[in-house]
Protein chains: 4
Amino acid sequence: MIQFQCDYNQTCHPAILEALGRVGMEQMVGYGEDHYCQEARRLIRQLVGREDADVHFLVGGTQANMTVISSALRPYQGVIAADTGHINVHETGAIEHSGHKVIALPARDGKIDASQVKAAIDAHYAENGPEHTVQPGMVYISFPTEVGTIYSLAELEAIHDVCRSSHVPLFIDGARLGYGLCSPQCDVTLRDIARLADVFYIGGTKVGAMMGEAVVITADELKRDFRYHIKQNGGMLAKGWLLGVQFLTLFTDNLYMRIAQNAINQAMRLRDALKDAGYTMYAESPTNQQFVVITDEELQRLSRDFLLEPWGRVDSTHMAVRICTSWATTDADIDRLTAALCAR
Amino acid sequence: MIQFQCDYNQTCHPAILEALGRVGMEQMVGYGEDHYCQEARRLIRQLVGREDADVHFLVGGTQANMTVISSALRPYQGVIAADTGHINVHETGAIEHSGHKVIALPARDGKIDASQVKAAIDAHYAENGPEHTVQPGMVYISFPTEVGTIYSLAELEAIHDVCRSSHVPLFIDGARLGYGLCSPQCDVTLRDIARLADVFYIGGTKVGAMMGEAVVITADELKRDFRYHIKQNGGMLAKGWLLGVQFLTLFTDNLYMRIAQNAINQAMRLRDALKDAGYTMYAESPTNQQFVVITDEELQRLSRDFLLEPWGRVDSTHMAVRICTSWATTDADIDRLTAALCAR
Amino acid sequence: MIQFQCDYNQTCHPAILEALGRVGMEQMVGYGEDHYCQEARRLIRQLVGREDADVHFLVGGTQANMTVISSALRPYQGVIAADTGHINVHETGAIEHSGHKVIALPARDGKIDASQVKAAIDAHYAENGPEHTVQPGMVYISFPTEVGTIYSLAELEAIHDVCRSSHVPLFIDGARLGYGLCSPQCDVTLRDIARLADVFYIGGTKVGAMMGEAVVITADELKRDFRYHIKQNGGMLAKGWLLGVQFLTLFTDNLYMRIAQNAINQAMRLRDALKDAGYTMYAESPTNQQFVVITDEELQRLSRDFLLEPWGRVDSTHMAVRICTSWATTDADIDRLTAALCAR
Amino acid sequence: MIQFQCDYNQTCHPAILEALGRVGMEQMVGYGEDHYCQEARRLIRQLVGREDADVHFLVGGTQANMTVISSALRPYQGVIAADTGHINVHETGAIEHSGHKVIALPARDGKIDASQVKAAIDAHYAENGPEHTVQPGMVYISFPTEVGTIYSLAELEAIHDVCRSSHVPLFIDGARLGYGLCSPQCDVTLRDIARLADVFYIGGTKVGAMMGEAVVITADELKRDFRYHIKQNGGMLAKGWLLGVQFLTLFTDNLYMRIAQNAINQAMRLRDALKDAGYTMYAESPTNQQFVVITDEELQRLSRDFLLEPWGRVDSTHMAVRICTSWATTDADIDRLTAALCAR
């Protein structure tokens, strides 16, 4: 059984485990104030080109999202997001649990655009009595999105401009950031992300780490007392160096991008093969999540050897399924899946 | 200037003020445990035909909604509502502030139907990993809705049946309940409401009272410790008898329904006149809120003598406006407005 | 049966009801934007000597406390208060419900002092890892306190100075403000309160109004979007003029202070009589709440004719009871109670 | 520099890292539904003697505390705890952030007793108007406590009995559970803990794991939908097997207790040496946290070679310091520290 249902189904890149092993019995201060974390922060600031950025390591994505968003919003504010955004659908209402509405805008291909964002903000202030409605206080986008798409630089800059002129900070969820940046379709760099977002995170969990997301805060007004927010939300890892060591490893010798590139290469191989075989893609994804339409029988047959993720029913006999590659996907994995898919 | 922009623009029915005056300097115990409240509760239980119901008096609608909903939901649950529902758009995110998602379904004419509700609940449990998504824990509907429409008895019973079989309680926001029950189109009685809802409220603020909503809880599992919820949410009025006296007055000699009927009669007169004059109604409302399409110039002209509520732009030259009648609207008010509207 | 158990057991001063009656069927815009509210705000700004203050009318004390405090604090901050403070004991955890810890300091006579406040703030920042503990973000005191005592001007100024130098705003709960200001022991004026507090409220519910607390915000950083907070917390009264009319009446011709003075006069008469009769006072209160130690039998006997509030057991045969006078207490009331108490 | 400031300053027991290495590139389903977690759950159920228990793996202690407590309480309920309890002082108000008051009782030696708990619960229901105060909804104790002490079996049973008869669940925070159970003074077994607590957790972070706490729920009414709570609170680790593998390792061949025993042995050696040398112990701890009184100069001198945790000032020239041993403390570590301490 080969698993393609998600991109977090293997422990971590061997270099990570080795690095943790090298720490051995070294004694360390807790809560992310150790030298590994300091070094990883320094490295990340360099790579993103923002020496002034604050960098915090959190364990997981939902935790990062809820901590960042609830720290930025005042009680009566909400966060604008695509209706397909992770915070709107797959976090058990963690944002609402923290007291805030997700102001969901209809997504196209998993994305929202600057004009939608502007319209939502303008509509609020145009209300006769805006205080009766939730004030937009942050914009959340995912890069790549939950359906594998990515924003172009022009799209990001347009959203950034709306946010800047509306004094609404922009937050980019980069749980799969590496997979976005490595896409052949991507015209955005890590430095662009850091320049355009007020806060974003570099996902480790899905890109080679055991766990961990590196939150990068570039906007001064979002930096204040962020460690209190982390602690209060249960996200301050006692042995913080576990995260520091991992990010230090990932950002040494460009490991992060190299292993992300593997996922993209494998995904593109799969996509090309599927298209050649006449399959309909459910969504046009240039990243590591591919969505293909197959018949129910095909799904049943494939499920003997592969774990795929049913994504949604297309019609009475067809399903869309999600197939994820990752940093760990091998040529052989894709060959076997492609062969099975094409053997219809 | 005659105000038609809402139905809470006059203090109260004279009988209410008289009744409060009759209390005079009588000394009373606080927090709704006085004899007026007790008597009002008794009367309401009788009228709704549920001797076992708990009745609580709250000051306002947003307060009632947030207290009822947050008392009924577990932390990870959300409340299903029409996307046009008051809790979803005009309460500054009070429900989210209490920690819960409003699971918004697309409304038709301000209403949601049983099949939508069932589909939303079923979809949750059909998820692969439902614990990653918000669990539906209550259904909220407004009677009448925010656009003046009402549910038929059949529609209500269907929603009730879905709720019952899903073990999801049904909450009916009756901020304008009287105006719904008096509509010529209404085939629902107050007893039906009490039979079909697990909890609902009878609105006073918009139907003759100074302020106050009578929350009626019929489902045993929602009754527990409700006074704690009221107090914690800042809704326990120190001088509770202010509410008891008002509801006692409203439910004596059928005053509530009589004055609600006036609003409906005036609204129907207005609607008929507008239709006769060739106006397009923006929504088909059988209750006290009427929505009519007028030109921008008409709105400007009318605004010299009347306060109407702009509801939304229809096209580049037309607006929909809301016109509310109330318990206090007079024949003369409607005559003047009708004359002005028809003088085009 | 004469009730002395609290100071909110009678509807309102007759002038209030008359004023509401005079409004009659006047049509008004909602949510506190009517001309009565505007006028009442203007009057209050004048009286407190702060033309720059924002004034908001809320319905009740718990609502005012939770709205003010939760609007001022960041998520990881708490509010310093006396352990006997109303927010710490009698609001069903409304502050915690809004997400914030009440940092309770041991009170002496219902009060905390500047050195305690300073010590608590200093202790936080002296922590090795302050982000693991709740950051003090506001100081809450009651004037008068829950046991009837009042702060001297020197005490208030000392607390103010600590707050100012620590950048922690000071909030004064004035649910019984009038009763404090009228006390013979009081050397503080309303203008002092407005000068020393960053936000405070003038209580109406307990001082002649039906309901209502006038929140006065003097610190600019606390003013932002306060109406959103009110609405989100369910505290925005639809018919806002009900509160405006009441405060306008109370602050016309000094009515508020005149009726507060009556409560104090009656309380002092009672206190003097009790002391003359040899009673032990449980607390030394210079305001309208008196606390006296009586035997269980006395309490039983008195309870046939008077409603007193048991406050706490003193020993196996004695209780402390609270006796409240109010704006409405008459000479005859006190005469009867005094006679009964002295007839032992 | 040898660190004794806490018991989470080394990565993990080598067997843990080896076990994680053995997983290698095995593909696994996420969110704790893998076979390692299943096996670890089975093992824990056996060890605690509760085949009916639900076992969940969380990453850290604050997260476990806030998730367990907020899942058990209704909105108006609070949790009874020692005023020195971790949730009351060192979690940045995470419990209050979840909406609930910590009802803090004065601790003796870090502990509260059954009579205090009973008194607090009784006092609530004896209130005239209990709904104005926070209802006790859970009792939280730490085993061992934050100052290293442990409850005797008799003490635990007494608290259990009060909880049972009051229908208030008992939660035992076992962040250092192993260190408690291995204490020479302990007459409580793991099975007693599981029998007496409605929910508790077995701490991994401080006892040999990289991270992880195993929450064991024995009371049926606390089991419902617990995974939703975990996810909503940001505590559902994507690669759940990281925790499963660790607990499986810890509970195989009794590793957990064996390494916990080492910490106790080293702590007792240290304690005996300190007492022999005439030091005053600040608290009498039979577990791995020792508290000793030293002069400021001694602290300064020792700080050149050892990291100790200042715990509190004793007088103008003396400090109490905390010295923690752990699963990793060696004979040599203690020898060196003892020598340094005795060289005065």
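Predicted model: local features only at pLDDT ≥ 70, side-chain atom pairs only at ≥ 80, totals over all residues.
The parallel arrangement is described here in chain C. Strand β5 (residues 135-142) of chain C runs parallel to β6(C), and four bridges join the two. Within this pairing, C:Tyr140 stands opposite C:Phe171 of β6(C).

The side chains of β6(C) can be sorted by direction. C:Leu170 and C:Ile172 point one way from the strand, whereas C:Phe171 and C:Asp173 point the other way. Are these four residues buried or exposed? C:Leu170, C:Phe171, C:Ile172 and C:Asp173 are all buried.

C:His167 lies in the loop between α7 (153-166) and β6 (170-173) of chain C. Its phi is near 60 degrees, a positive value in a residue that is not glycine. Most residues other than glycine have a negative phi. C:His167 counts as exposed because it has 9 C-beta neighbours inside 10 Å, and the cut-off for exposed is 12 or fewer.

A:Tyr31 is not a glycine, yet its phi is about 60 degrees. The residue sits in the loop between α1 (14-23) and α2 (35-48) of chain A.

The bond from B:Phe143 to B:Pro144 is cis, with omega near -5 degrees. B:Pro144 is placed in the loop between β5 (135-142) and α7 (153-166) of chain B. In chain D, the bond from D:Phe143 to D:Pro144 is likewise cis, with omega near -5 degrees, and D:Pro144 lies in the loop between β5 (135-142) and α7 (153-166) of chain D. Most peptide bonds are trans.

Four strands form an open sheet in the order β9-β10-β13-β12 (chain B), with antiparallel pairing. The edges are β9 (281-283) and β12 (309-315) of chain B; each has a single partner strand, so one side of each has no neighbour in the sheet. From one strand to the next, the twist averages 35 degrees. Two bridges pair β9(B) with strand β10 (residues 289-295) of chain B, and B:Ala283 has B:Phe291 as its bridge partner in β10(B). Helix α12 (residues 255-276) of chain B packs on this sheet and touches β9, β10 and β13 (318-324) of chain B. The helix direction makes about 30 degrees with that of β10(B).

The last topic is the contact between chains A and D. Here 38 residues of chain A are in contact with 38 residues of chain D. On the chain A side, α1, α3 (61-72), α5 (94-97) and α10 (226-232) each supply at least two residues. Which element gives the largest share of that side? It is α1(A), with four residues. By type, the chain A residues that touch chain D divide into 18 nonpolar, 18 polar and two charged.

Notes:
Residues numbered from 1 in each chain as written. Chains lettered and ligands numbered in written order. Buried ≥ 20, exposed ≤ 12 C-beta atoms within 10 Å, placed from the backbone. Contact = placed C-beta atoms within 7 Å. Nonpolar A, V, L, I, M, F, W, Y, C, P; charged D, E, K, R; others polar. Pairing = 2+ DSSP bridges. Axes fitted to C-alpha atoms, helices over the stretch in contact; angles between N-to-C directions.
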